[in-house]
Amino acid sequence: MLKNTRYYDPINDFRRRVARRLMRLIFGNHGQPTSDPLPAKGIYRILVCHVSHSLGNTLLLTPLLAELEKVYPAAEIDILTRSPIAKDVYGRFFSVQNIFRMPAHGVGHPFQFFGTLKRMRKIRYDLAIDADPLSQTGRLLMLLSNSTYTLGFSSPKKHGEITHAVPLPSNLESKGRRPVYLLRSAMGRDTAAEYPVPDIRLNAVEREQGRDALTRSLGASGIESPGRGIIGIFANATGPKLLGEAWWTRFLQVLQAQHPDYSFVEIVPASGKSMLSSKYPAYFSSDLRKLASVLSGLAVYISADCGIMHLACASDVPTMGIFTVTNGGEWGPYGRGRHTIAAHGMAPEDVALAIAAMPEFTPGGSI
């Protein structure tokens, strides 16, 4: 006879009740869970908790900020983060007020950690958002806030009672879209509507300075005209995503043959060393916004999956992201002019032909 898997387990039920009481004791009571939508009015102070410190994850939070500015235009947004470049990325959003930066390792910097928490907890928020579907640290930090409403994903990795818990969508992997989905779902808004894309909010002066820097780079190599435009190549990546100089040499031979009327510029990585043996005009900067400014002047940006790929997307550049090992559905660029090239097992020549045929390269295309 089959056992009924839905039988009542008093021991586990007791453990869950004890755990809930301990969470309330440690983190306080943030209101009872509710199925009512988040209110569209009366939200003026918002806290976003996002503890990831990588460049890509930092940039992929910007679509949520754009959505918050749209649905709560009268609100102020504070951000609790570990990202060292948070000010450069979020500082141009008009609604962003305070950026609370936590140390990368709180145990090693207890005074900074608790000092930041103390400053955050002095503020009474109408809404606090845990934007990461996986990080329990983000959930715990959100629970430490003083907020009327608390919003986050519900999953086995998330603990702590919140007012608005949204199940993870099974049909939406995108790291940039998921936080926006979280907010829309909690508010009862259309989750199928077009999603904001990553945006670092460059101004006209920054874009002009970026174009000037590219012109100087070409001029230093004796190139007086960029032709139809400048293609930027970033040949670096971490771990198994790194494709190597031999791969890029084969790729560029084909791409240059397909589109000889474009100029090519190498974007040099943080190491300050060319990945392409200094064969092309190049640009290097350790300043994130200056680098974004230069990327904005490109006709097309091409690289493997990496943080600079997300920076190109956030700089409003037609972006070709080459994915050989990571999940393009989760990490790939999205939106107009952003393309995820699934290159698992493909020869570099075939990848070059696929990119060369993109609409951005056709006469009258989006470049």
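Predicted model: local features only at pLDDT ≥ 70, side-chain atom pairs only at ≥ 80, totals over all residues.

**Working through the model**

Trainee: What does Arg92 count as, in terms of accessibility?

Mentor: Arg92 counts as partly exposed, with a relative accessibility of 39%. Buried is under 20% relative accessible area, exposed is over 50%, and partly exposed is in between (1.4 Å probe, protein chains only). Residues are numbered from 1 along each chain as its sequence is written, and side-chain values use heavy atoms, with hydrogens and water left out.

Trainee: OK. Where does Arg92 sit, and which residues is Arg92 in contact with?

Mentor: Arg92 is in the loop between α4 (86-90) and β3 (96-101). Helices (H or I, at least four residues) and strands (E, at least two) are DSSP runs, numbered from the N terminus. Setting aside neighbours within four places in sequence, Arg92 is in contact with Ile200, Arg201, Asn203, Glu206 and Arg289. Contact means heavy atoms within 4.5 Å. Asp199 is 107 residues from Arg92 in sequence, yet their C-alpha atoms are 9.8 Å apart in space.

Trainee: And the whole protein, how many helices and strands?

Mentor: There are 13 helices and twelve strands. Of the 367 residues, 49% count as buried. For contacts between residues at least 6 apart in sequence, 59% join residues at least 24 apart.

Trainee: Let's go to β1. Why is it called largely enclosed?

Mentor: Strand β1 (residues 45-50) has five of its six residues buried, so the rest of the structure largely encloses it.

Trainee: Which strands does it pair with?

Mentor: On one hand, β1 runs parallel to strand β2 (residues 76-81), and six bridges join them. On the other, β1 pairs with strand β4 (residues 124-130), also in the parallel sense, over four bridges. To count as a pair, two strands need at least two bridges found by DSSP. Leu47 shows both pairings: its bridge partner in β2 is Asp78, and in β4 it stands opposite Ala128.

Trainee: What about Ile129, buried or exposed?

Mentor: Buried, at 0% relative accessibility. Ile129 is in strand β4. Beyond its neighbours within four places in sequence, its contacts include Ile46, Leu47, Val48, Leu64, Met142 and Leu182. Pro179 is 50 residues from Ile129 in sequence, but 9.2 Å away in space, C-alpha to C-alpha.

Trainee: New topic. What's the strand order in the six-stranded sheet?

Mentor: The order is β9-β8-β7-β10-β11-β12, in an open sheet with parallel pairing. At the edges stand β9 (282-283) and β12 (338-342), each with a single partner strand, so one side of each has no neighbour in the sheet. Helix α13 (residues 348-356) packs on this sheet and touches β10, β11 and β12, and its direction makes about 150° with that of β11. Axes are lines fitted to C-alpha atoms, for helices over the stretch in contact, and angles run from 0 to 180 degrees between N-to-C directions.

Trainee: How many bridges hold β10 and β11 in their pairing?

Mentor: Four, between β10 (residues 300-304) and β11 (residues 319-323). Ile302 has Met320 in β11 as its bridge partner.

Trainee: And how do α10 and α11 pack?

Mentor: Helix α10 (residues 288-296) and helix α11 (residues 307-314) pack at an angle of about 65°, with axes 9 Å apart. Leu288, Leu291, Ala292 and Leu295 of α10 make the contact with Ile308, Leu311 and Ala312 of α11.

Trainee: Last one: which residues does Ser217 touch?

Mentor: Not counting residues up to four places away in sequence, Ser217 touches Pro281 and Ala282. A polar atom of the Ser217 side chain lies 2.6 Å from the backbone oxygen of Ala282. Ser217 is in helix α8 (residues 204-220) and is buried, at 9% relative accessible area.

How values were computed: Polar contact = N/O pair within 3.5 Å; in protein donor to acceptor, adjacent residues only side chain to side chain.
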